[in-house]
Amino acid sequence: MSPRPKRFKILLDEMFPRRIKYPALNRHHDVKHIVHDYQKGGITDVRLLELARKDNRIVITKNIKDFQFQCQPYRVDVIGVTETIPPEELDKSIMAKLRSWGKPKMSGRFTKIIKPPRKYLK
């Protein structure tokens, strides 16, 4: 019998589309959206981190420069992504990143996912 896959609790920041745009992530992990699931659009970064810490969720955001240094004091794991990645690519990239992580733990680590759009890779 194969080991049970790791399930992470994810919190999408408000600049992301609804979680149904990320089918693989939504199918394998517990994904919530700050606006559509919590109805807390427009909250500050600090309140978002406090909510993520309380619910033990990994924050996925496009606001890299603000969250990069705030995740450590709040001990919230954050995945920062660039604006140029379409939702289909982002779904695959986040799944690959989470597969490489060990057990779900809130240690305050910050990870960037930076990929140029395919039109620039030609």
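A: The sheet and its surroundings

In this predicted model, an open sheet is built from 5 strands in the order S2-S1-S3-S4-S5, and the pairing is parallel. Strands here are DSSP runs of E with at least two residues, helices are runs of H or I with at least four residues, both numbered from the N terminus, and two strands pair if DSSP finds at least two bridges between them. Strand S2 (30-33) and strand S5 (110-113) are the edge strands, each pairing on one side only. From one strand to the next, the twist averages 20 degrees, where axes are lines fitted to C-alpha atoms, for helices over the stretch in contact, and angles run from 0 to 180 degrees between N-to-C directions.

Strand S4 (residues 78-81) pairs with S5 in the parallel sense over 4 bridges, and Gly80 has Lys112 in S5 as its bridge partner. Helix H5 (residues 87-100) packs on the sheet and touches strand S1 (9-12), strand S3 (58-61), S4 and S5, its direction making about 145 degrees with that of S5; contact means heavy atoms within 4.5 Å.

Asn56, in the loop between helix H2 (45-55) and S3, is not a glycine and yet has a positive phi of about 60 degrees. Arg75, in the loop between helix H4 (71-74) and S4, is likewise not a glycine and has a positive phi of about 55 degrees.

Residues are numbered from 1 along each chain as its sequence is written. Local features need pLDDT of at least 70, side-chain atom pairs count only at pLDDT 80 or more, totals for chains, interfaces and linings use all residues, and side-chain values use heavy atoms, with hydrogens and water left out.
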